[in-house]
Structures are given as structure tokens and as C-alpha cells.
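Student: I would like to learn how to read pockets and helix packing in a model like this one. Could we begin with what is meant by a pocket?

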Amino acid sequence: MTHFSAEDRLIVALDLPTIEEAEALVLALGPHVGFYKIGYQLTPLGGFDFARRLKAVGKKVFLDLKFHDIGATVEKGVRSVRDTGADFLTVHATPTVVRAAVDGRGDDKNLKILAVTVLTDQSPADLAASFGAGADDIDLPAIVAARAKMAIELGADGVVASPLEAADLRKQLGREALIVTPGVRPAGAGRDDQKRTASPTDALGNGASHLVVGRPITAAPDPAAAAAAITAEISRL
Ligand code: C5P
């Protein structure tokens with residue numbers, strides 16, 4: 001796997017109500033964090049300009065937009081995302097969507113397309129309800145594996161998946177694929193609404209290339225200390 005520094009393997013999810021609060025957190029985290037995820041909460045509030053400012057001060061940016069639309073629309077959307085200088089972008093792991101995202105990325109070598117397989121707050125019962133099936137009919141790891149394989153074959157750079165699925169995915173996808181895992185909870189942290197969680201050590205041991213951590217850092221009494229503890233844990237591996 002390409003070598004990443006500990007600071008670049010931790011991605012802090014900026015799920016905060018305002019850009020001002022996100023900027024204050026970035027300032028507080030300082031050199032402990034080099035990679036930030038901007039998602040639905042900040043995107044409509046000026047998230048793209050914020051992404052450009054983060055890039056201007058040398059941070060990496062993950063735009064977690066989880067595109068899912070007809071191919072032509074996804075392709076145009078990804079072309080527009082290129083303009084922000086973002087490093088990672090998520091799309092859903094549907095063949096037409098992944099193909100269009102790869103086309104939209106074109107020759108931009110910096111922008112990595114990550115396919116979302118199954119959201120980490122989904123249990124087999126949740127998936128069963130959305131397919132009108134019984135929970136016993138749902139083989140969640142098989143669905144994750146099939147979607148991940150398809151996405152990589154179509155040109156995605158990696159996948160977003162639960163840390164519990166990372167070990168199988170690493171075996172299946174090989175050394176180079178990015179495996180980005182939310183649902184990471186340091187020892188002693190609560191699970192919040194995540195259902196498939198693991199510690200940073202276990203997620204990386206399972207083959208994750210990057211960890212996405214939100215509330216265990218953003219809601220910590222001392223966010224810099226919480227981030228530093230995780231990067232220290234990553235550095236020890
Ligand atoms: O606060 P927490 O650490 O649970 O944040 C996890 C972040 O990762 C959130 O921004 C969430 O939207 C995102 N995410 C996820 N599961 C996925 C993809 C993204 O939890 N499959």
C-alpha cells in the first residue's frame with residue numbers, strides 16, 4: 001500500500017452546524033490533523049469555499065457528497081468538484097454512478113473516487129426492510145464485497161466501508177485500493193448511532209488505509225488531545 005503519514009490517515013469529519021465552528025475546530029486541531037471531511041451539514045453553508053481554504057493552507061479534503069443520480073448528472077457534478085481541489089469524493093456503489101464519476105474525474109490525478117458500499121448505520125434488518133426481504137435473506141458482507149469489487153473494476157480508487165468489513169475487502173481488492181472506514185471508536189468512546197464499529201488499531205489492522213472519525217473528536221472536551229491520541233495510536237502500528 002502507498003505509504004501515508006499518521007496525520008494523513010486520520011480524517012476528521014466536520015459534521016458541525018456552521019463554517020465558523022468548523023474553522024475554529026481546524027484551528028484548534030492544528031498540526032494533529034491533516035485531512036478533513038466535509039459532508040451534507042456544511043456543504044450548503046459554503047462548504048466548497050471552505051474546502052478551497054483548507055486546501056490553500058495545505059490540508060487535504062474529503063468531500064463526502066455520496067453522489068447518486070443518473071450517470072450524465074453525476075459526471076457533470078464530479079467535473080465541478082474537480083475545481084475545488086478535493087482529494088477524496090464519495091459516490092454510491094452503483095455501476096452507472098461509478099462509471100460516470102470516473103469519467104467526470106477524467107485526468108485529475110489528485111481526486112480519488114470512493115464508492116460507498118453499505119452505510120455503516122445499516123443493519124441487515126434495515127437493508128431487508130429497504131429490499132422488502134426478510135433479515136435472514138440479507139448477506140451483508142456479500143453485498144459489501146460485490147459492490148466493492150464492481151466499483152474497483154469500474155475504475156474507483158477505493159471504497160468506504162465499515163472497519164469490520166475491511167479485512168475481507170483488503171484481501172479481495174489488493175494492496176493499492178483505498179479502504180476508508182467510518183464507524184471508528186477509540187476505546188472508551190460511545191458508539192453514537194453507528195452499528196458496526198472498531199477501534200483505530202483494529203480498523204487499521206484489518207487493512208483500512210484511512211479512518212474517518214467524527215464525534216469522538218468533534219464532541220470531545222479536548223478535541224486536539226482526542227485527535228493526538230488517535231494519531232499516536234496510528235503511529236505505533
Ligand atoms: O461521528 P462519526 O465518527 O460517527 O462520523 C462518521 C462520519 O462518517 C459521518 O460524517 C458519516 O456521515 C460518515 N459515514 C459513515 N458511514 C459511511 C459513510 C460515511 O458513517 N458508510
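Tutor: On a 1 Å grid over the protein atoms alone, a pocket is an open set of points where a 1.4 Å probe fits, with protein on both sides within 12 Å along at least five of seven lines, and its lining residues have an atom within 4 Å of a point. This is a predicted model, in which local features need pLDDT of at least 70 and side-chain atom pairs count only at pLDDT 80 or more, while totals for chains, interfaces and linings use all residues. Residues are numbered from 1 along each chain as its sequence is written, and side-chain values use heavy atoms, with hydrogens and water left out.

Student: Which residues lie nearest the centre of the second largest pocket?

Tutor: They are Phe4, Phe88, Asn110, Lys112 and Leu178, out of the 15 residues that line the second largest pocket. Its volume, the space filled by probe spheres set on grid points that are joined across faces, edges and corners, is about 210 Å³. If Ala, Val, Leu, Ile, Met, Phe, Trp, Tyr, Cys and Pro count as nonpolar, Asp, Glu, Lys and Arg as charged, and the others, Gly among them, as polar, then the lining of this second pocket has five nonpolar, three polar and seven charged residues.

Student: How much space lies in the largest pocket, and which strand gives the most to its lining?

Tutor: The largest pocket holds about 620 Å³ of space. It is lined by 26 residues, and Asp15, Lys37, Asp64, Lys66 and Gln194 are the closest to its centre. Strands here are DSSP runs of E with at least two residues, and helices are runs of H or I with at least four, numbered from the N terminus. In those terms β3 (60-67) and β8 (210-213) each supply at least two residues of the lining of the largest pocket, and β3 gives the most, with three. The lining of the largest pocket divides into 11 nonpolar, seven polar and eight charged residues.

Student: At what angle do helices α2 and α3 pack?

Tutor: Axes are lines fitted to C-alpha atoms, for helices over the stretch in contact, and angles run from 0 to 180 degrees between N-to-C directions. Helix α2 (residues 19-29) and helix α3 (residues 47-56) pack at about 20°, with their axes 11 Å apart. That makes α2 roughly parallel to α3, a label for angles under 35 degrees, whereas over 145 counts as roughly antiparallel, 65 to 115 as roughly perpendicular and the rest as oblique. With contact taken as heavy atoms within 4.5 Å, Ile19, Ala22, Glu23 and Val26 in α2 meet Gly47, Phe50, Arg53 and Leu54 in α3. These contact residues divide into five nonpolar, one polar and two charged.

Student: What classes of residue make the contact of α2 with α11?

Tutor: The axes of α2 and helix α11 (residues 223-235) come within 8 Å and cross at roughly 55°, and the two helices are therefore oblique to each other. Leu25, Ala28 and Leu29 in α2 meet Pro223, Ala224 and Ala227 in α11, a contact of six nonpolar, no polar and no charged residues.

Student: Where do α7 and α8 touch?

Tutor: Helix α7 (residues 140-153) and helix α8 (residues 166-173) pack at about 35°, with their axes 10 Å apart. The contact is made by Val144, Ala145, Ala148, Lys149 and Ile152 of α7 and by Leu169, Gln172 and Leu173 of α8.
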